[in-house]
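This briefing is meant for a reader who is meeting the structure for the first time. It begins with the nonpolar cores and then turns to the strands and to an aromatic pair.

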Amino acid sequence: MIQPHSLYLASQSPRRAQLLIEMGVTFTVIQNLLEHETLEASDGNIIQQIEQLCLRKAIASSEGFSNWILTADTCVLFKQRCIGKPNSIDQAIDTLSQLSGQSHQVITSMCLYHPDTKDSHLISDSATVTFHT
């Protein structure tokens, strides 16, 4: 049975779930129901775009839930564009080759959203990563 103050994680990411477990957070995984996960330039700069994507994920996944929903998204920003998740081994190798010897930014945004009150809390963090050849 779901506890009255539990958290819902709208993500199928094993890593995100593991991080919450390591922090001792009690949560239930739910489906991310956002059909089209796209960044919208009209949302502002890249960080605002990722944060708004997280909010859209939370709102889309919130029907039928009355507790906090956590969503997150990560962007690898290289040469002013977000590199998406590779769809194949060849694409992954190509991406790693492009990043080799270069620096890029990794930006992760999170949204904590309450479906009843419509309260939302957005936060982002970034790191510069350099792949040496």
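A nonpolar core is here a set of buried Ala, Val, Leu, Ile, Met, Phe, Trp, Tyr and Cys residues that are joined through side-chain atoms within 4.5 Å. The model described below is a predicted one.

**Nonpolar cores**
- The largest nonpolar core has nine residues in all, and these are Tyr8, Ala10, Ile30, Cys54, Leu55, Ala58, Ile69, Cys111 and Tyr113.
- Two or more residues of this core come from each of β1, α2 (46–61) and β5 (103–113), and the largest share, three residues, is given by α2.
- Once its neighbours within four places in sequence are left aside, leucine 55 is in contact with Thr71, Cys111, Tyr113, Ser120 and Leu122.

**Strands and crossover**
- Strand β1 (residues 7–10) pairs with strand β2 (residues 27–30) in the parallel sense, over four bridges, and threonine 28 in β2 is the bridge partner of tyrosine 8.
- Together with helix α1 (residues 14–22), β1 and β2 make a right-handed β-α-β unit.

**Aromatic pair**
- The count comes to one aromatic pair, in which tyrosine 8 and phenylalanine 65 are tilted, at 4.5 Å centre to centre and with 55° between the planes.
- Because tyrosine 8 lies in strand β1 and phenylalanine 65 in the loop between α2 and β3 (69–78), the pair ties together parts that are 57 residues apart in sequence.
- Tyrosine 8 counts as buried at 7% relative accessibility, whereas phenylalanine 65, with a relative accessible area of 25%, is partly exposed.

Conventions: Residues numbered from 1 in each chain as written. Predicted model: local features only at pLDDT ≥ 70, side-chain atom pairs only at ≥ 80, totals over all residues. Heavy atoms only, no water. Pairing = 2+ DSSP bridges. Right-handed = clockwise from strand over helix to strand, strands pointing away. Buried < 20%, exposed > 50% of the residue type's maximum accessible area, 1.4 Å probe, protein only. Contact = heavy atoms within 4.5 Å. Phe/Tyr/Trp six-rings, centres within 6.5 Å; stacked < 30°, edge-to-face > 60°.
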